[in-house]
Amino acid sequence: MIMQGKKGLIIGVANNRSIAYGIAKACKNQGADIILTYQNDKLKSRVEKVANELGVKNIYPLDVTKEEELINLKSAIEKDYGKIDFLVHSVAFAPREALDGKFIDTKKEAFNIAMEISVYSLIEVVQKLEPVLNDGASILTLTYLGSQRYIPHYNVMGVAKAALEASVRYLAVDLGERKIRINALSAGPIKTLAASGIGDFSEILKYNEKNSPLRKNVTIEEVGNSAMYLLSDLSSGVTGEVHFVDSGYNIMG
Ligand code: 0WD
């Protein structure tokens, strides 16, 4: 029970196929007390279902583009939990038309939306919630290999993930003063709601399965289990890092 006695916030559960759900479940199994958010009223009932299943007491609204919701979330956590020990940011979005076709056709509006929701949200969440983080807390965000290499159709999201990984490094230095750590977990492709927006995603899944050292795709359970290392004190010497959980696919030439 490596998360026993730890309290943490997990942002990005859309349903029980979300990577954030896999992480929440692993945290719960390892003894953590979890807080969840839901993006909007449409997703609320699905997040409620997950909360009931995992014995989560409170869920709070959070659309990361709404500063006031973030401010309210900070106050609510302070009031209901005091301080927390870990934070998971599992949020990304780009308009669908930007995730198909050619990167060269990316519109400024789509670029700005992708950067706001997938990158700036991490910076702002950390900025606003830092006061409710305990010293030595651990923060985790989710990234993808498309940040470093060309992946068909990933387009503007690859650029956003590169900026996200750079943000992790800069935040690591600022947060390190309080021994707060921040890392990125780079997951292999998994069929989730967000992934369904990426063109030819099933082809990417098949290709990775065939061409990764382990000859299989990863599951949200595997991502959740690896997240336990990064969120717990087991990784107290690790910060600013990108950790691949992708059946080894990233090492292939
Ligand atoms: O193959 C994959 N699925 C991979 C995903 C491989 C590697 C990394 N990732 C990353 C994603 O880029 C993202 O950062 O993992 C993270 C979680 O993605 P997911 O679990 O694949 O997708 P999903 O279950 O859809 O959760 C992402 C959620 C949103 O769902 P939808 O599909 O409704 O956009 O991010 C949340 C939302 O719940 N989200 C927001 N939350 C608050 N405010 C916002 C927002 N404005 N926009 C999206």
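Ser90 lies in the loop between strand E4 (84-89) and H4. The model discussed here is predicted.

Visitor: Is Ser90 buried or exposed?
Guide: Relative accessibility decides the matter, and buried means under 20%. Ser90 has a relative accessibility of 16%. Because this value falls under the cut-off, Ser90 counts as buried.

Visitor: Which residues does Ser90 touch, not counting residues up to four places away in sequence?
Guide: Ser90 sits in the loop between E4 and H4. With residues up to four places away in sequence left out, the residues that Ser90 touches are Ile11, Gly12, Ile19, Ala20 and Leu142.

Visitor: Which element gives the most to the lining of the largest pocket?
Guide: The largest pocket has a volume of about 1,200 Å³. Of its 44 lining residues, the closest to the centre are Ser90, Val91, Ala92, Leu193 and Ala194. Elements that give two or more residues to this lining include helix H1 (19-29), strand E2 (33-38) and helix H2 (41-54). With three residues, the element that gives the most is H2.

Visitor: At what angle do helix H3 and helix H4 pack?
Guide: Two packed helices are described by the angle between their axes and the distance between the axes. In H3, Glu67, Leu70, Ile71, Leu73 and Lys74 meet Glu124, Val125, Lys128 and Leu129 in H4. The residues of this contact divide into five nonpolar, no polar and four charged. The axes of H3 (residues 67-81) and H4 (residues 108-129) are 9 Å apart, and the packing angle is about 35°.

How values were computed: Residues numbered from 1 in each chain as written. Predicted model: local features only at pLDDT ≥ 70, side-chain atom pairs only at ≥ 80, totals over all residues. Heavy atoms only, no water. 1 Å grid on protein atoms, 1.4 Å probe; cavity = no way out; pocket = protein on both sides within 12 Å on 5 of 7 lines; lining within 4 Å. Points joined across faces, edges and corners; volume = space filled by probe spheres on them. Helix = DSSP H or I, 4+ residues; strand = E, 2+ residues; numbered from the N terminus. Axes fitted to C-alpha atoms, helices over the stretch in contact; angles between N-to-C directions. Contact = heavy atoms within 4.5 Å. Nonpolar A, V, L, I, M, F, W, Y, C, P; charged D, E, K, R; others polar. Buried < 20%, exposed > 50% of the residue type's maximum accessible area, 1.4 Å probe, protein only.
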